[in-house]
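Colleague: Hi! Could you walk me through this one?
Modeller: Happy to, here it is.

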Amino acid sequence: MSAQPDVESSSASDAHEGGFRPTFDVSTERGGPNYGKFVGQVREFMDRVRAALPSAELTDELLADLKSMNAKLVDFETDEWTSPSGTRIDLPARGNITLPPYDIVDAGPDGVDATITFTRFNLGGNGAAHGGFVALLFDDLGGMAAALNIEGICRTAYLKIDYRSLTPLNSELAVRCWVDRVEGRKVYVRGTLHEGDRLCAEMDALFIKLKPGQP
Ligand SMILES: CCCCCCCC/C=C\CCCCCCCC(=O)SCCNC(=O)CCNC(=O)[C@H](O)C(C)(C)COP(=O)(O)OP(=O)(O)OC[C@H]1O[C@@H](n2cnc3c(N)ncnc32)[C@H](O)[C@@H]1OP(=O)(O)O
């Protein structure tokens with residue numbers, strides 16, 4: 001299990017009125033004890049789809065299987081605050097399949113340390129990770145570093161990534177994000193992504209602390 005930030009829990013009734021909530025109902029149980037394995041299978045499927053050249057027959061077979069699986073989920077839709085995908089803090093990237101599946105190593109006011117292994121689903125070109133996934137990783141972990149530092153919720157104003165060398169697939173990388181300085185509501189966050197000693201990318205971002213009720 002990953003170490004996770006100490007996120008305060010609250011009931012839906014004392015929710016922030018804006019788009020983000022200063023507190024949200026985190027969970028280690030929603031979706032059942034096998035939800036993490038379920039997400040793992042979904043992620044493996046995305047990798048395999050990205051890598052596969054299926055026969056026409058197999059495409060038809062998988063299409064029927066997927067239609068059947070989608071039909072099973074139709075009646076179980078819920079909002080973003082209660083879906084396990086995003087609130088399961090015991091799982092990589094809070095169980096959010098949109099995000100690269102990072103594991104938090106340490107998180108607090110001084111910053112966030114995490115590991116990430118990009119896989120075939122994250123392929124950009126010629127074996128390297130897509131730069132958009134690197135930016136996505138930094139946006140989420142940078143936002144987390146900002147939130148934990150100021151104990152409030154932020155939105156990204158700008159996110160600058162310097163791609164210093166190729167980001168590989170299938171290799172565990174170290175990512176670190178920390179608050180450089182805070183000026184009023186402006187939270188300046190820096191970040192690095194390394195493979196061993198090699199710097200793959202750097203982040204320079206500005207997050208703005210949301211006012212109460214601000215979407
Ligand atoms: C107890 C709590 C514990 C918490 C623990 C939590 C754990 C956390 C867990 C999980 C974290 C998950 C993290 C997810 C992270 C993902 C975040 C995203 O991807 S957000 C989506 C993308 N971003 C948008 O869609 C924004 C769209 N833009 C806006 O909404 C506004 O423009 C906003 C909010 C950014 C600013 O608008 P304004 O009206 O609030 O503020 P104004 O007055 O415009 O700006 C404030 C200051 O910032 C500067 N500023 C604003 N934007 C700037 C920019 N792009 N460049 C430079 N300066 C900028 C301004 O010049 C101003 O500076 P001056 O105060 O005058 O000095």
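Modeller: We'll talk about the sheet first, then some aromatic rings.
Modeller: This is a predicted model, where local features need pLDDT of at least 70, side-chain atom pairs count only at pLDDT 80 or more, and totals for chains, interfaces and linings use all residues. Residues are numbered from 1 along each chain as its sequence is written, and side-chain values use heavy atoms, leaving out hydrogens and water.

Colleague: Great. What order do the six strands of the open sheet have?
Modeller: The order is β1-β2-β6-β7-β8-β5, with antiparallel pairing. Strands are DSSP runs of E, at least two residues, and helices are runs of H or I, at least four, numbered from the N terminus; two strands pair if DSSP finds at least two bridges between them.

Colleague: And which strands stand at the edges?
Modeller: β1 (103–108) and β5 (154–163) do; each has a single partner strand, so one side of each lacks a neighbour in the sheet.

Colleague: How many bridges join β5 to β8?
Modeller: Nine, and the two strands run antiparallel. Lysine 160 stands opposite aspartate 204 in β8.

Colleague: New topic: how many aromatic pairs does a search of the whole structure find?
Modeller: Two. Rings of Phe, Tyr and Trp (its six-membered ring) pair if their centres lie within 6.5 Å; planes under 30 degrees apart count as stacked, over 60 as edge-to-face and the rest as tilted. Tyrosine 35 and phenylalanine 38 form a tilted pair, 5.5 Å centre to centre with 55° between the planes.

Colleague: Where do those two sit?
Modeller: Both are in helix α1 (residues 35–51), three residues apart, about one helical turn.
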